[in-house]
Amino acid sequence: MGETKNDSDRRIGRRALLIGGAAAAVGTAVLAREELSHLWWRMPGVEKPRTPGAVDFRGASWVAASSANYRRADRPSDYAIDRVVVHVTQGSFDSAVRVFQDPGHQAAAHYIVRKDGHVTQMIRELDVAYHAGNREYNERSVGIEHEGFVDRASSFTDAMYASSARLTAGICGRYGIPVDRRHIIGHVEVPGTDHTDPGPHWDWDRYIRLVHQAASAKSATSKPATSKPAKS
Ligand SMILES: [Zn+2]
């Protein structure tokens, strides 16, 4: 895919700018403690602390993808997240997990939703997963794979829709992403892609409706962004 090419250059340039701005701000005004700690994470080589095995979606189980299939980042501090990209695996859940663990695959999504609704997270939302085939879209999005095939309507079960909708509602809530078809898109809608997923059998009206429902249910009970992985 060649998506990693020049990524580090771009990131360093961006960070140098931010640091310059921070230094100027410190020179002219006393920054609130909160602002300072926010800027601190934007310094080169500084990352937010991570708990091994932690997941961003409560109930997800954690299986690490190969580090060759994503790029470490500190989203949303370094890249704003404003898209969710829906994919279909074109194979079984197990084969998707396997290829995302394979350093030669050169691609992986943050999540895989199994036919029975089980959710596995393989890349933290902090990081840039190589799932969209478009660097800008990788940087701005969270990618969700769904077990199944684009040409089989039977792939997309009630349990899968319900659980994926809860997952997407959580992502939209965490980053302030509007729940609509402009911000929740299929891989097919990523500029420049030759992929067709999720295909004609994916019911977008139903999915967006379920995400809205899950989002309003969630807003009544606010949850932490990070929780321990569930046993699977
Ligand atoms: Zn895809």
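# Sheet, helices and core

Biologist: Let's start in strand S7, where His 146 has Val 88 standing opposite. What kind of model are we looking at, and how are its residues numbered?

Modeller: This is a predicted model, in which local features need pLDDT of at least 70 and side-chain atom pairs count only at pLDDT 80 or more, while totals for chains, interfaces and linings use all residues. Residues are numbered from 1 along each chain as its sequence is written.

Biologist: What makes something a helix or a strand, and how many of each are there?

Modeller: Both are DSSP runs numbered from the N terminus: a helix is H or I over at least four residues, and a strand is E over at least two. By that rule, the protein chain has six helices and eight strands. Along the sequence they follow the pattern α-α-β-β-β-α-β-β-β-α-β-α-β-α.

Biologist: Back to S7, then. How do you know which strands pair with S7?

Modeller: Two strands pair if DSSP finds at least two bridges between them. S3 and S7 have six bridges, in the parallel sense, and S4 and S7 have three, also in the parallel sense. Both counts reach the cut-off, so both count as pairs. Among the residues involved, Val 85 has Gly 143 of S7 as its bridge partner, and Ile 112 stands opposite Glu 145 in S7.

Biologist: What about S3 and S8?

Modeller: S3 and S8 pair in the parallel sense over three bridges. Val 84 has Ile 184 of S8 as its bridge partner, and Val 86 stands opposite Gly 186 in S8.

Biologist: In what order do the strands sit in the sheet, and which stand at the edges?

Modeller: Six strands form an open sheet with mixed pairing, in the order S1-S5-S4-S7-S3-S8. The edges are S1 and S8 (184-186), and because each has a single partner strand, one side of each is left without a neighbour in the sheet.

Biologist: Why is S7 called largely enclosed?

Modeller: A residue is buried if 20 or more other C-beta atoms, placed from the backbone, lie within 10 Å of its own; it is exposed if 12 or fewer do, and partly exposed in between. Six of the six residues of S7 are buried, so the rest of the structure largely encloses this strand. Ser 141, Gly 143 and Glu 145 point one way, with Val 142, Ile 144 and His 146 pointing the other. S3 is also largely enclosed, because six of its six residues are buried.

Biologist: What makes the buried residues of helix H3 line one face?

Modeller: In H3 (residues 93-101), Ala 96, Val 97 and Phe 100 are buried. Looking down the helix axis, they fall within an arc of 100 degrees, so they line one face; the arc is that of the directions from the axis to the C-beta atoms. Asp 94 and Ser 95, on the other side of H3, are exposed. The buried residues pack against S4 (111-113), S5 (119-121) and S7 (141-146).

Biologist: Why is something called a nonpolar core, and which residues touch the most other members of the largest one?

Modeller: The name is for a set of buried Ala, Val, Leu, Ile, Met, Phe, Trp, Tyr and Cys residues joined through C-beta atoms within 7 Å. The largest has 45 residues, and Val 84, Ala 108, Tyr 111 and Ile 144 touch the most other members. Helix H5 gives the most, with seven residues.

Methods. Contact = placed C-beta atoms within 7 Å.
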